[in-house]
Amino acid sequence: MVHTITWKEVKDGLVTDIYFERTKKILEAKGIDSYVRAELKANSLPPSWPWAVLAGVEECAEVLKDLPVDVRMMKEGTIFDPQQPIMEISGKYLDFGQYETTILGLLCQASGIATMAARCKKAAGKKDVISFGTRRMHPTIAPLIERNAYIGGCDGVSVGLGARLIGKEPSGTMPHALILIMGDTVKATRAFDEVIEPRVKRVSLIDTFNDEKIEAINVAGELGDKLYAVRLDTPSSRRGDFLEIMKEVRWELDLRGFREVKLFLSGGIDERDIERYNPLADAYGIGTAISAAPVVDFSMDIIEIDGHPLAKRGKMSGSKRVIRCRECFNTRICPLKERPGRCSCEGIEEEILVPFVSKGNLLYPLPKPSQIREFVLQQLSKVELDNNRETGWLRKTKER
Ligand SMILES: [Zn+2]
């Protein structure tokens with residue numbers, strides 16, 4: 001018995017909370033077929049996240065394009081703040097109400113993964129971040145994890161199926177299993193070099209049997225220039241000494257002329273660890289922190305019924321624009337009647353909640369994963385990891 005469903009069942013709206021099905025039944029019985037506008041936004045984000053990256057839009061499009069609705073939406077990869085509407089859907093409530101569960105599910109998890117990947121990449125700067133954590137989640141969603149990790153900013157992903165989806169080669173090193181079975185780190189590294197095609201970078205795992213610096217010297221001596229990196233998958237029990245271990249390994253390698261050999265870190269690392277290790281590390285394999293990232297808690301709320309603004313307590317009614325300055329990233333939410341213009345910094349403003357789907361048609365071609373990732377990286381230069389290091393953009397947004 002498999003505990004997942006098919007994409008067809010998803011598209012048919014079968015994943016829905018029972019209260020939406022009952023609502024549909026009641027409205028149909030009473031002959032009420034209202035034209036409704038609803039918006040999606042996150043009222044807050046996981047602790048310590050001042051912003052998030054919108055992802056899951058492509059899958060969402062697969063569902064939306066077959067519904068008789070109009071949708072305005074931020075483009076996939078847009079960095080947004082809490083309270084900013086990321087999507088507005090309008091149509092007959094009976095045509096889309098039962099899809100609320102599905103639409104939220106497609107966006108909440110994907111955006112969480114993309115955001116965590118973006119946070120790791122922000123912390124790592126120019127250094128490579130590879131997604132290693134698919135093994136911690138259900139295998140049927142491996143491509144989803146890898147794609148969203150990549151568009152969020154990861155430089156590579158470890159699972160082949162996920163890599164294919166984004167048009168990349170999978171990235172990987174060697175597991176402890178290979179070294180244990182061959183009985184020796186140098187032997188295993190030599191075998192890797194003999195058997196695996198030359199275009200694959202040689203990264204030796206150096207923490208299986210001996211002290212990392214001894215193994216680093218051994219494998220560098222064996223492979224010479226062919227050794228791209230050594231991987232330290234140091235268990236968290238030794239975490240306190242990790243920087244010292246890295247310093248030792250770097251020192252010993254440099255002393256013997258292996259300055260080009262990089263240090264690749266993995267093993268329960270998150271964006272905070274990256275900040276700490278970045279002066280010495282050259283690349284990271286990130287597991288659970290990305291694959292099991294907190295979700296972004298989007299919710300869908302009605303803001304207009306049959307042309308009249310109406311919303312529940314605590315929500316602002318009516319259709320809105322989200323307008324952002326291209327230069328300073330200052331972002332404002334305003335009623336539909338306002339238009340983008342000039343920012344106080346003289347930069348040109350643009351609307352970022354843009355028409356996406358209209359009555360069964362996608363209104364622009366969906367970007368490739370590599371284009372979405374580039375878009376995320378451009379925006380990452382404008383934001384910081386933490387609230388207390390807010391950029392002008394975030395500060396100004398909140399003041400409004
Ligand atoms: Zn501006």
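A polar contact is a pair of N or O atoms within 3.5 Å; within protein, one must be able to donate a hydrogen and the other to accept it, and residues adjacent in sequence count only if both atoms are side-chain atoms. Helices (H or I, at least four residues) and strands (E, at least two) are DSSP runs, numbered from the N terminus. The model is predicted: local features need pLDDT of at least 70, side-chain atom pairs count only at pLDDT 80 or more, and totals for chains, interfaces and linings use all residues. Residues are numbered from 1 along each chain as its sequence is written, and side-chain values use heavy atoms, with hydrogens and water left out.

**Helix 9**

Asp184 caps the N-terminal end of helix 9, where a side-chain oxygen lies 3.1 Å from the backbone nitrogen of Val186. Helix 9 covers residues 185–195, and its buried residues (under 20% relative accessible area, with exposed meaning over 50% and partly exposed in between, for a 1.4 Å probe and protein chains only) are Thr185, Val186, Ala188, Thr189, Ala191, Phe192 and Asp193. These buried residues pack, by contact (heavy atoms within 4.5 Å), against helix 8 (176–182), strand 8 (202–205) and helix 10 (212–223). Lys187 is also found in helix 9, and it counts as partly exposed at 41% relative accessibility. From C-alpha to C-alpha, Lys187 and Tyr228 are 17 Å apart in space, and they are 41 residues apart in sequence.

**The largest pocket**

Rolling a probe the size of a water molecule over the atoms shows where empty space is left. On a 1 Å grid over the protein atoms alone, a pocket is an open set of points where a 1.4 Å probe fits, with protein on both sides within 12 Å along at least five of seven lines; lining residues have an atom within 4 Å of a point. The largest pocket has a volume of about 650 Å³, where volume is the space filled by probe spheres set on the points. Its lining has 24 residues, of which Trp7, Glu59, Leu106, Ile141 and Leu144 are the closest to the centre. Helix 1 (7–11), helix 3 (57–64), helix 5 (100–124) and helix 6 (142–152) each give two or more residues to this lining, and helix 5 gives the most, with six.

Asn148 has its place in helix 6. Is Asn148 buried or exposed? At 3% relative accessibility, Asn148 counts as buried. Its side chain makes a polar contact of 3.2 Å with the side chain of Arg147. Leaving aside residues up to four places away in sequence, Asn148 touches Ala55, Gly56, Glu76, Ala110, Ile113, Ala114 and Ala117.

The structure holds zero disulfides (pairs of cysteine sulfur atoms within 2.5 Å). Cys343 is buried, with a relative accessible area of 5%, whereas Cys345 is partly exposed at 34%.
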